[in-house]
Protein chains: 2
Amino acid sequence: MNSIVLEKVKNARKSFLKISVSSSKERNNALETLITLLKKNKAKIISANELDVTTAKKECISNSLLKRLELSEAKFNEILSIVKSISLQKEIIGKEISKTLLDTGLELTQVSVPLGVVCAIFEARPDAVVQISCLAIKTGNAVLLKGGKEAKNSNSILVELIRESLKANSLPEDAVQLLDSRKDVQELLSLSDFVDLIIPRGSNEFVKFIQQNSSIPVLGHSSGVCHEYIDEKADIDIAINICIDAKCQYPAACNAMETILVHESIANNFLLKFAKELNGKVELRCDKISFEILSKNFDVKKASETDWKTEYNDLILSVKVVKCVSEAINHINKFGSKHTDGIITENKETANNFLQKVDSSSVFWNASTRFADGYRYGKGAELGISTGKIHARGPSGMEALTTYKYLLKGQGQVVEDYAKGIKKFKHINI
Amino acid sequence: MNSIVLEKVKNARKSFLKISVSSSKERNNALETLITLLKKNKAKIISANELDVTTAKKECISNSLLKRLELSEAKFNEILSIVKSISLQKEIIGKEISKTLLDTGLELTQVSVPLGVVCAIFEARPDAVVQISCLAIKTGNAVLLKGGKEAKNSNSILVELIRESLKANSLPEDAVQLLDSRKDVQELLSLSDFVDLIIPRGSNEFVKFIQQNSSIPVLGHSSGVCHEYIDEKADIDIAINICIDAKCQYPAACNAMETILVHESIANNFLLKFAKELNGKVELRCDKISFEILSKNFDVKKASETDWKTEYNDLILSVKVVKCVSEAINHINKFGSKHTDGIITENKETANNFLQKVDSSSVFWNASTRFADGYRYGKGAELGISTGKIHARGPSGMEALTTYKYLLKGQGQVVEDYAKGIKKFKHINI
């Protein structure tokens, strides 16, 4: 065991025990201090980021990665407004969730409390460091951060300022710490006594690796195979508009559409118009019927069985014609990843049937799958999107960093009296 | 892979997709049918249980296990009343948790839904089969059951009747299935695509084994090291009464007290009275100061470092004298298992400090730790007690078998319009 990682994790646990009982005001003050410090150190931050960008360019990283890494004037201001918006969010810690009078003078209260020590692993976006740290501070948690190595210098100065903000408000600075490498993360996987949640935002393989190599709970998604089903009662223009958005607006996103399912009675009409609209921009991998419809006029491929399970993250789309909404639902529940799936229809009954029966974290009616996102859902900031069903499901924000505990206030009661029947429980919700 | 286990698990998933969209009335009817069937088949059930008891006696199982196994007249009636009480619980599926207007005509609803496929492993108590199955049916889930092998015949007939009740109400009978052996459970651990939650109620080692050998989430507790802290402002009589209950009322329970922490200013007075009251019934393992106090008049042992982490499940208690409430809190947060810990004091401020700072799922003031239990908490029936912080924490009932999903209803909206700034989100809670 690398003693440095163990020490960081133990310090995180100690810091959690302190920050978790700090006041709402102290935590919000730390966020306000951070805004001041970010403004004051803007030049330093930008130049650290320029160093990262220069190194990254030398290493020929992809344009999209470079775009995420770069801290433009606009992105810097966006960071400031994210910190502000998190500080303005209403307090969710210390809330009474339920209250039961077990018996006279024996009162049980369930209250929301911070979760604990969280480890977040994310891409080379310096803004993610600030966003995740601020969500953790706001909710009284401790966080260990492992950002993309390309953002090393940017992350380093940002975390320094975050820790300074904590210290300036008498909060434990080790509530926010940086991990140095993926090796550190690997070592942390066995420390289930100290770490309560891992939030990996890397590749699908990386998320799966973590799920399979740690008994620490994981919040994340290992894949996003999202569908749109075009019902026989779909408005064709709406359907085309939504499907173009779901596939093309940002194909690398986990909430982009990977498979389109089309009702047989509308298939000919819809598919020809849709393919014409796509104009060759998207590679179509078709089942037998859709291939028959499209191959006369367009250059399309045949889908294989593995296509139905594949997250392309690219301008590729699998296409299947189905006989009815039930076939579409069954296909999604069999091949989907429980992420986000939609139906396009003008028929309310069919829509409700679909909304109820599709077993995914987000199910949409007449809207693009791309809406599945913490910011778009109004959560202020997003920690990650969970395809698990436990704890947090779907796009997750602050609430995913909380749990609850039961407080029982008595006057000396013992169980023996109830076991013997001398006393009886009242169990009244109060 | 044992194809029988895989088939059972796949059938459970299929049955889940059906029962999860059944009506509240259908599920409650199945519970009512079960009551009728149990009454009708009482003789058969009792004789199956007698067979189990006879076999168990031949194999010389412990008296306490025998007591759990035996289905007396009283216990049979208790089963009937548990089924009735579960059927009468208010519906928790399909509830609106939150609703947000993202934009005009774009409405996001978060609704509670059944969790999925659950695997429960439990002790040789036939009543547990009925309780867990009924909680699963009530909440629209599918369950795979592995009960103690000693209850084989009892479990078999009970599950048969439960499945008959499902079938009689057009619900999928494979929503409740029996697993045959622990080997089946072991094979199931890798089927994370089909199983959403494991609830192990076996030994600590067994729970740990499951946590470490599966990426399926686990609801359970691997240990229960519970404390009572006797503050300087404790009422001595209350403290003694509670500690006797917490240690002796049922020492094998996970919520029994294992360590007592005593404030130094009250230590002499309290410990001598407490030891006198125990009258040699409990082995005391003492730290230096408490040993000095007690060893003159009583036969006590010295505690070693491992005692502070040990769940005795027996009439043994470790004893430590502390300087202040903070030392007690630190000791509990360091050595405890986040299960249940209490303070005995008449000082409200000290109590609140303790209630806030102890990082356990249940924290008590002037009450025995033995109250930490689903039935005593008024949950009707208990699935298990969770020491994890994710999803369900503490004594868990029906609510631990639910999750939620997001439903988005639109009119053809696409993300591109918001990305370009043509449209703006409203994000109004409605």
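Me: Hi! How many residues of chain B are in contact with chain A?
Reply: Hello! 60 residues of chain B are in contact with 60 residues of chain A, where contact asks for C-beta atoms, placed from the backbone, within 7 Å of each other. This is a predicted model, in which local features need pLDDT of at least 70 and side-chain atom pairs count only at pLDDT 80 or more, while totals for chains, interfaces and linings use all residues. Residues are numbered from 1 along each chain as its sequence is written, and chains are lettered from A and ligands numbered from 1 in the order in which they are written.

Me: Which element gives the largest share of chain B's side?
Reply: E16(B) does, with 11 residues. Elements that supply at least two residues each include strand E1 (96-103), strand E2 (106-114) and helix H10 (236-248) of chain B. Helices (H or I, at least four residues) and strands (E, at least two) are DSSP runs, numbered from the N terminus.

Me: And how do the residues on that side divide into nonpolar, polar and charged?
Reply: There are 26 nonpolar, 23 polar and 11 charged residues on the side of chain B that touches chain A. Here Ala, Val, Leu, Ile, Met, Phe, Trp, Tyr, Cys and Pro count as nonpolar, Asp, Glu, Lys and Arg as charged, and the others, Gly among them, as polar.

Me: Which strand does E13(B) pair with in chain A?
Reply: Strand E16 (residues 402-413) of chain A pairs with E13(B) in the parallel sense, over 5 bridges; a pair needs at least two DSSP bridges between the strands. In that pairing, A:Tyr406 stands opposite B:Ser362.

Me: What is the order of strands in the open sheet of 11?
Reply: The order is E10(A)-E9(A)-E11(A)-E8(A)-E7(A)-E12(A)-E13(A)-E16(B)-E2(B)-E1(B)-E17(B), with mixed pairing. Strand E10 (301-302) of chain A and strand E17 (428-429) of chain B are the edge strands, each pairing on one side only. Within that order, E8(A) (residues 257-263) and E11(A) (residues 316-322) run parallel and share 5 bridges, with A:Ile260 opposite A:Val319.

Me: Switching to cores: which residues have the most contacts inside the largest nonpolar one?
Reply: A:Val118, A:Ile132, B:Val118 and B:Ile132, in a core of 127 residues. Such a core is a set of buried Ala, Val, Leu, Ile, Met, Phe, Trp, Tyr and Cys residues joined through C-beta atoms within 7 Å. A residue is buried with 20 or more other C-beta atoms within 10 Å of its own, exposed with 12 or fewer, and partly exposed in between, C-beta atoms being placed from the backbone.

Me: What does A:Val118 touch?
Reply: Leaving out residues up to four places away in sequence, A:Val118 touches A:Ala136, A:Asn141, A:Val143, A:Asp196, A:Leu197, A:Ile199 and A:Leu401.

Me: Now helices. Which residues of H7(B) are buried?
Reply: B:Ser154, B:Asn155, B:Leu158, B:Ile162, B:Arg163, B:Ser165 and B:Leu166 are. They cover an arc of only 155° around the axis, so they sit on the same side of H7(B); the arc is that of the directions from the helix axis to the C-beta atoms. The buried residues pack against helix H2 (24-40), helix H3 (42-58), helix H6 (126-138) and strand E5 (176-178) of chain B.

Me: What follows H7(B)?
Reply: B:Ser170, with a positive phi near 55°.

Me: And over in chain A, which residues of H5(A) are buried and what do they pack against?
Reply: A:Ile79, A:Val83 and A:Ile86 are buried. They lie on the same side of H5(A) because their arc is only 70° around the axis. The buried residues of H5(A) pack against helix H2 (24-40) and helix H6 (126-138) of chain A. The face turned away from them carries the exposed residues A:Glu73, A:Ala74, A:Asn77, A:Ser81 and A:Leu88.

Me: Last one: where is A:Cys60, and is that residue buried or exposed?
Reply: A:Cys60 is in the loop between helix H3 (42-58) and helix H4 (63-69) of chain A. A:Cys60 is exposed, with 7 other C-beta atoms within 10 Å. Phi of A:Cys60 is positive, near 55°. Most residues other than glycine have a negative phi.

Notes:
Two residues are in contact if their C-beta atoms, placed from the backbone, lie within 7 Å.
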